[in-house]
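The sequence and structure come next.

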Amino acid sequence: MRGAVLRGLAAATAPLAMSSSMQAETPVRVAVVQMRVENDKTANLRHCRELVEKAADTGAQLVVLPEVWNSEYAVGAFAGNAEPVKLGKPEGASTELLGDLARRRGVWIVGGSIPERDGANIYNTAPVVDDLGTIVAKHRKVHLFDIDVPGKIRFFESETLAAGDEATVVPLPEDVAPGGHKLGVGICYDCRFAPLAITMRGKGATIIAYPGAFNTVTGPPHYHLLARARALDSQAFVLFASPARNPNSNYQAYGHSIICDPWGTPIATAKGHDEEIIVADLDLSRIAEVRASMRLWDQRRPDVYELGVKPPSEE
């Protein structure tokens with residue numbers, strides 16, 4: 001499997017002691033697949049099957065793939081690899097693969113993201129597939145990655161992609177995450193915007209997955225920092241799934257996938273930028289514990305916040 005590595009299991013632990021009034025819930029096992037992506041879509045589909053099978057072999061109930069796993073991550077490649085992503089029965093080659101894997105292995109899959117074609121528009125879209133193989137939700141990337149760091153990187157998704165307009169949250173069934181938990185989904189650049197994570201928390205999210213392809217410029221200073229920050233903002237488990245680095249690609253992914261608990265503590269991390277699967281058991285009782293310890297939701301001051309106001313320099 002091109003050197004895929006399976007990391008040892010990590011348990012969600014942190015400094016807070018368990019309150020006597022909080023009973024431990026059955027943990028949910030998650031697997032984040034740091035997959036190497038090639039320029040050949042057929043090869044990517046075949047390799048995705050291999051890695052999801054390997055992730056399911058760990059006993060994972062939820063598997064998360066990286067951003068744009070079926071296509072080269074390049075503005076010029078999105079249109080040629082775009083497929084329909086519709087709720088219900090999968091229709092495109094990539095979602096049909098995910099549906100088959102999810103149904104046969106009895107797992108939920110956050111399908112990283114794939115280019116979605118809808119009429120004249122192309123979106124960067126994360127399909128969420130349940131264990132019956134049905135697409136139960138999809139998240140269209142809300143914040144498009146338009147960046148120009150002089151002398152280092154220029155990449156404008158808006159040259160090809162349209163933006164989504166929804167904070168995506170989907171209920172998880174009791175046999176996956178007992179206790180009425182919900183899954184939120186963002187994509188890569190979405191993780192830089194705290195209000196989106198807080199909105200997902202408001203819609204009930206207790207686990208948030210962010211497939212993302214950070215690069216070697218922004219990844220080292222920001223990737224793990226943002227994962228921990230979004231976990232602290234939402235007081236939820238946060239899963240960051242990166243592609244593995246491909247030295248033959250024009251876009252160099254950072255790798256270093258990470259899972260954080262609601263206290264902002266990393267509980268599983270990839271060793272680096274090579275292909276790897278990381279696994280963790282999420283102790284869902286930690287969510288209520290952390291939220292009771294710091295009642296951020298109750299202490300908000302929306303009467304003070306002015307999120308629609310631009311700084312004077314941008315007006």
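Tyr 73 and Tyr 251 are both buried in this predicted model. The structure holds eight aromatic pairs. The rings of Tyr 73 and Tyr 251 form one of them, edge-to-face, with 4.6 Å centre to centre and 70° between the planes. This pair links distant parts of the chain, 178 residues apart. Tyr 73 sits in the loop between strand E4 (62-64) and helix H2 (75-78), whereas Tyr 251 sits in the loop between strand E14 (237-241) and strand E15 (258-260).

Another aromatic pair, Tyr 223 with Phe 240, is tilted: the centres are 5.2 Å apart and the planes make an angle of 55°. Here too the pair links distant parts of the chain, Tyr 223 in helix H5 (residues 219-234) and Phe 240 in strand E14, 17 residues apart. Tyr 223 counts as buried because its relative accessibility is 1%, and the cut-off for buried is under 20%. Phe 240 is likewise buried, with a relative accessible area of 1%. Tyr 223 and Phe 240 also belong to a cluster linked by ring pairs, together with Tyr 210, Phe 214 and Tyr 254.

**Cavities and pockets**

Rolling a probe the size of a water molecule over the atoms shows where empty space is left. The structure holds two cavities of 30 Å³ or more.

| Space | Volume | Lining by class |
|---|---|---|
| Largest pocket | about 300 Å³ | seven nonpolar, one polar, three charged residues |
| Second largest pocket | about 150 Å³ | six nonpolar, four polar, two charged residues |
| Largest cavity | about 140 Å³ | eight nonpolar, four polar, three charged residues |
| Second largest cavity | about 40 Å³ | six nonpolar, two polar, one charged residue |

Which residues lie nearest the centre of the largest cavity? They are Val 37, Tyr 73, Pro 243, Ser 249 and Tyr 251, from a lining of 15 residues. Both rings of the edge-to-face pair are thus named in this set.

The second largest cavity is lined by Phe 145, Cys 188, Tyr 189, Arg 192, Ala 213, Phe 214, Asn 215, Thr 218 and Tyr 251. Tyr 251 is therefore a lining residue of the largest cavity and of the second largest cavity, where a lining residue has an atom within 4 Å of a point of the space. Phe 214, a member of the ring cluster, also lines the second largest cavity.

The largest pocket is lined by another set of residues: Pro 195, Ile 198, Thr 199, Arg 201, Asp 233, Leu 296, Trp 297, Arg 300, Pro 302, Tyr 305 and Leu 307. Helix H4 (residues 194-202) gives the largest share of this lining, four residues.

**Positive phi angles**

Cys 188 lies in the loop between strand E12 (182-185) and H4, and is buried with a relative accessible area of 5%. His 256 also has a positive phi, near 55°, and is likewise a residue other than glycine. The loop that holds His 256 runs between E14 and E15, the loop in which Tyr 251 is found. At 19% relative accessibility, His 256 counts as buried, because the cut-off is under 20%.

**Helix H3**

How far apart are the end C-alpha atoms of helix H3 (residues 93-105)? They are 18 Å apart, which agrees with the 18 Å that its 13 residues should span at 1.5 Å a residue. The buried residues of H3 are Ser 94, Thr 95, Leu 97, Leu 98, Gly 99, Leu 101 and Ala 102. An α-helix has 3.6 residues a turn, so residues three or four places apart point the same way. The cover over the buried residues of H3 includes helix H1 (41-57) and the strands E5 (108-110), E6 (114-118), E7 (121-129) and E8 (135-140). After H3 comes Gly 106, with a positive phi near 65°.

Key:
Residues numbered from 1 in each chain as written. Predicted model: local features only at pLDDT ≥ 70, side-chain atom pairs only at ≥ 80, totals over all residues. Heavy atoms only, no water. 1 Å grid on protein atoms, 1.4 Å probe; cavity = no way out; pocket = protein on both sides within 12 Å on 5 of 7 lines; lining within 4 Å. Points joined across faces, edges and corners; volume = space filled by probe spheres on them. Helix = DSSP H or I, 4+ residues; strand = E, 2+ residues; numbered from the N terminus. Nonpolar A, V, L, I, M, F, W, Y, C, P; charged D, E, K, R; others polar. Expected span 1.5 Å × (residues − 1). Buried < 20%, exposed > 50% of the residue type's maximum accessible area, 1.4 Å probe, protein only. Contact = heavy atoms within 4.5 Å. Phe/Tyr/Trp six-rings, centres within 6.5 Å; stacked < 30°, edge-to-face > 60°.
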